[in-house]
Amino acid sequence: MKERTWIRSAAAMVVAVAGVLLIALGIFTHLLEVLTIEGLFIMAWGASVISYYWLTGRPGAQTPEIDPDRLRGFEPIGMITLVISLVVSIPLELHVLGSDLSVLAPFINIMLALGLPAILYRWVPACRISNVQTIGAAS
């Protein structure tokens with residue numbers, strides 16, 4: 001019983017000392033930048049998934065049976081959308097083009113992530129499911 005109490009006290013001391021050191025080193029400044037980039041990533045990912053679902057999923061429509069041999073390892077429209085929206089919005093958020101544009105970065109991120117799947121699906125036929133050959137499908 002006394003061993004567990006000692007171990008808990010030692011763990012609490014290690015965590016407290018590590019926390020004080022991290023605060024003294026100014027980790028919160030860097031943590032805010034990391035969390036900002038993570039927030040932009042999650043917003044772009046969610047918006048591109050929702051946009052692509054409404055574009056191709058057609059809620060309420062009958063879906064054909066899925067052939068496992070035609071499934072792909074990833075969806076190029078989602079990946080292209082995610083990369084483009086992050087490449088545009090992260091520099092804006094990190095004040096590369098000035099501090100005034102950092103306020104608009106989340107809005108630009110969402111607009112790109114919602115609009116690019118429709119544009120890519122319409123004008124890049126290689127990204128459509130029916131026109132792309134199987135990538136990495138199991139035999």
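What follows is a chat about this predicted model.

Me: Let's start with the big picture. How many helices and strands does the protein have?
Reply: The protein has 4 helices and 0 strands. Read along the sequence, the pattern is α-α-α-α.

Me: Ok, and how much of the protein counts as buried?
Reply: Of its 139 residues, 19% count as buried. The protein exposes about 10400 Å², and carbon and sulfur atoms supply 72% of that area.

Me: Now a single residue. Is asparagine 109 buried or exposed?
Reply: Asparagine 109 has a relative accessible area of 0%. Buried means under 20%, so asparagine 109 is buried. You'll find asparagine 109 in helix H4, which covers residues 105–123.

Me: Which residues is asparagine 109 in contact with?
Reply: Leaving aside neighbours within four places in sequence, asparagine 109 is in contact with Leu40, Met43, Ala44, Ser85 and Ser89.

Me: Nice. Where does serine 51 lie?
Reply: Serine 51 lies in helix H2, which spans residues 27–57. Serine 51 counts as buried too, at 13% relative accessibility.

Me: And what lies 2.8 Å from a polar atom of its side chain?
Reply: For serine 51, that is the backbone oxygen of leucine 114. Setting aside neighbours within four places in sequence, serine 51 is in contact with Ala113, Leu114 and Pro117.

Me: Switching topic: how many aromatic pairs does the structure hold?
Reply: There is 1 aromatic pair. Its partners are phenylalanine 41 and tryptophan 45, with ring centres 6.4 Å apart and planes at 20°, so the pair is stacked.

Me: Why are those two about one helical turn apart?
Reply: Because phenylalanine 41 and tryptophan 45 are 4 residues apart in helix H2. As for phenylalanine 41, that residue is partly exposed, with a relative accessible area of 35%.

Me: Let's go to the surface. Which residues form the nonpolar patch?
Reply: The patch is formed by Leu22, Ile23, Leu25, Ile27, Phe28, Leu31 and Leu35, and together they have about 690 Å² of accessible area. The elements giving two or more residues to the patch are helix H1 (2–24) and H2.

Me: Which of them gives the largest share?
Reply: That's H2, with 4 residues.

Me: So where does leucine 25 lie?
Reply: Leucine 25 lies in the loop between H1 and H2. Its relative accessible area is 69%, so leucine 25 is exposed, since that word is used for values over 50%.

Me: Last one! Where is valine 124?
Reply: Valine 124 is in the segment after H4. Valine 124 is partly exposed, at 29% relative accessible area.

Me: How far is its C-alpha atom from that of isoleucine 77?
Reply: The C-alpha atoms of valine 124 and isoleucine 77 are separated by 9.1 Å, while the two residues are 47 residues apart along the chain.

Key. Residues are numbered from 1 along each chain as its sequence is written. This is a predicted model: local features need pLDDT of at least 70, side-chain atom pairs count only at pLDDT 80 or more; totals for chains, interfaces and linings use all residues. Side-chain values use heavy atoms; hydrogens and water are left out. Buried means under 20% relative accessible area, exposed over 50%, partly exposed in between (1.4 Å probe, protein chains only). Contact means heavy atoms within 4.5 Å. Rings of Phe, Tyr and Trp (its six-membered ring) pair if their centres lie within 6.5 Å; planes under 30 degrees apart count as stacked, over 60 as edge-to-face and the rest as tilted. Patches are made of residues with over 30% relative accessible area and no salt bridge: like charges are joined within 9 Å, nonpolar side chains (Val, Leu, Ile, Met, Phe, Trp, Tyr) within 5 Å. Accessible areas come from the Shrake-Rupley method with a 1.4 Å probe; for residues, only the protein chains shown count as cover. A salt bridge is a side-chain nitrogen of Lys or Arg within 4 Å of a carboxyl oxygen of Asp or Glu. A polar contact is a pair of N or O atoms within 3.5 Å; within protein, one must be able to donate a hydrogen and the other to accept it, and residues adjacent in sequence count only if both atoms are side-chain atoms.
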